[in-house]
Amino acid sequence: MKKKLASILIFVLIVVCIPTTTSLASDAINYKMKWANTLSGGSQFNYYKVIKPLKDGFLTIANRDYDQLTKYNDNGNKTWEIKRAVEMIDCTGCSDGGAYLLFGKAERIKNKSISYSYIDKFSQSGKKLWEKRLASDFRYLMFAAQHDDSILIIGERGKNIYAMKYSKGGKYQWKELISSKTISEININILQDGSFIIEYD
């Protein structure tokens with residue numbers, strides 16, 4: 001008999017104790033669970049492939065026969081969801097409470113199937129505001145939003161890895177080669193001053 005498994009997401013509230021002595025006990029950090037909640041869909045989904053924190057909650061991308069983008073509030077309650085028969089690659093929040101979604105889909109052009117990637121911008125309530133189609137000669141891996149809501153995208157073409165920037169309105173700005181070697185892991189860190197660090201291995 002097969003058992004159905006529900007996906008559980010647990011948020012942890014971290015309480016830091018400021019040490020008054022040099023003992024190890026006083027340096028300890030106490031962790032307290034804030035809440036635990038079964039996410040929408042439960043065992044219907046194969047897996048949750050993206051979880052991104054927001055100022056007022058978090059975003060998830062779940063996979064089934066279709067991909068689903070869902071926004072939850074800070075208490076773990078679902079705010080809105082988007083279901084599409086596309087490959088959702090990554091998502092990130094915006095300063096206005098909305099979200100960006102990076103996804104790919106195949107299109108038939110002159111009897112040929114061509115895969116394109118897109119960025120969609122959603123409002124805080126989940127309404128789509130605009131859509132931008134990206135260049136088709138890249139395999140897009142991930143992206144992040146800077147403090148001004150401009151977008152950094154990591155893309156791969158052959159063995160070359162590029163960083164690309166788009167404005168908060170989806171307008172292309174620049175592209176830089178960051179590696180000509182095969183990499184196994186990559187991450188974007190947005191710093192407090194608005195600059196960024198791209199780490200890869």
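This is a predicted model: local features need pLDDT of at least 70, side-chain atom pairs count only at pLDDT 80 or more; totals for chains, interfaces and linings use all residues.
**View 1. The open sheet of four strands.** The strands follow the order β11-β12-β13-β14 in an open sheet of 4 strands, with antiparallel pairing. The edges are formed by β11 (139-145) and β14 (172-179), each of which has a single partner strand, so that one side of each is left without a neighbour in the sheet. Averaged over the sheet, and with direction ignored, neighbouring strands are turned by 20 degrees against each other. Strands of a sheet pair through backbone hydrogen bonds, either parallel or antiparallel.

**View 2. The two hairpins that flank β12.** The hairpin of β11 and β12 has 5 residues between the strands, and in this hairpin D149 takes a positive phi near 70 degrees. The residue lies in the loop between β11 and β12, and its positive phi occurs although D149 is not a glycine. Most residues other than glycine have a negative phi. D149 counts as buried because its relative accessibility is 8%, under the 20% limit used for burial. In the hairpin of β12 and β13, by contrast, there are 2 residues between the strands, and G158 takes a positive phi near 65 degrees.

**View 3. The largest pocket and its lining.** The volume of the largest pocket is about 590 Å³, and its lining comprises 22 residues, of which P53, T92, G93, C94 and A145 lie nearest the centre. At least two lining residues come from each of the strands β3 (47-54), β7 (87-93), β11 and β15 (186-190), and β11 gives the most, with 4 residues. By class, the lining of the largest pocket divides into 9 nonpolar, 8 polar and 5 charged residues.

**View 4. The second largest pocket.** The second largest pocket holds about 280 Å³ of space and is lined by 16 residues, with E87, I89, S117, R139 and Y140 lying nearest its centre. Strands β3, β7, β8 (99-109), β9 (112-122) and β11 each supply at least two residues of this lining. The lining of the second largest pocket is made up of 8 nonpolar, 4 polar and 4 charged residues.

**View 5. Cysteines C91 and C94.** With a relative accessibility of 0%, C91 counts as buried, and C94 likewise counts as buried, at 11% relative accessibility. C94 is also one of the residues that lie nearest the centre of the largest pocket. A disulfide is a covalent bond between the sulfur atoms of two cysteines; the structure holds 0 disulfides.

Definitions and conventions:
Residues are numbered from 1 along each chain as its sequence is written. Side-chain values use heavy atoms; hydrogens and water are left out. Two strands pair if DSSP finds at least two bridges between them. Axes are lines fitted to C-alpha atoms, for helices over the stretch in contact, and angles run from 0 to 180 degrees between N-to-C directions. A disulfide is a pair of cysteine sulfur atoms within 2.5 Å. Buried means under 20% relative accessible area, exposed over 50%, partly exposed in between (1.4 Å probe, protein chains only). On a 1 Å grid over the protein atoms alone, a cavity is a set of points where a 1.4 Å probe fits but cannot get out, and a pocket is an open set with protein on both sides within 12 Å along at least five of seven lines; lining residues have an atom within 4 Å of a point. Grid points are joined across faces, edges and corners, and a volume is the space filled by probe spheres set on the points. Ala, Val, Leu, Ile, Met, Phe, Trp, Tyr, Cys and Pro count as nonpolar, Asp, Glu, Lys and Arg as charged, and the others, Gly among them, as polar.
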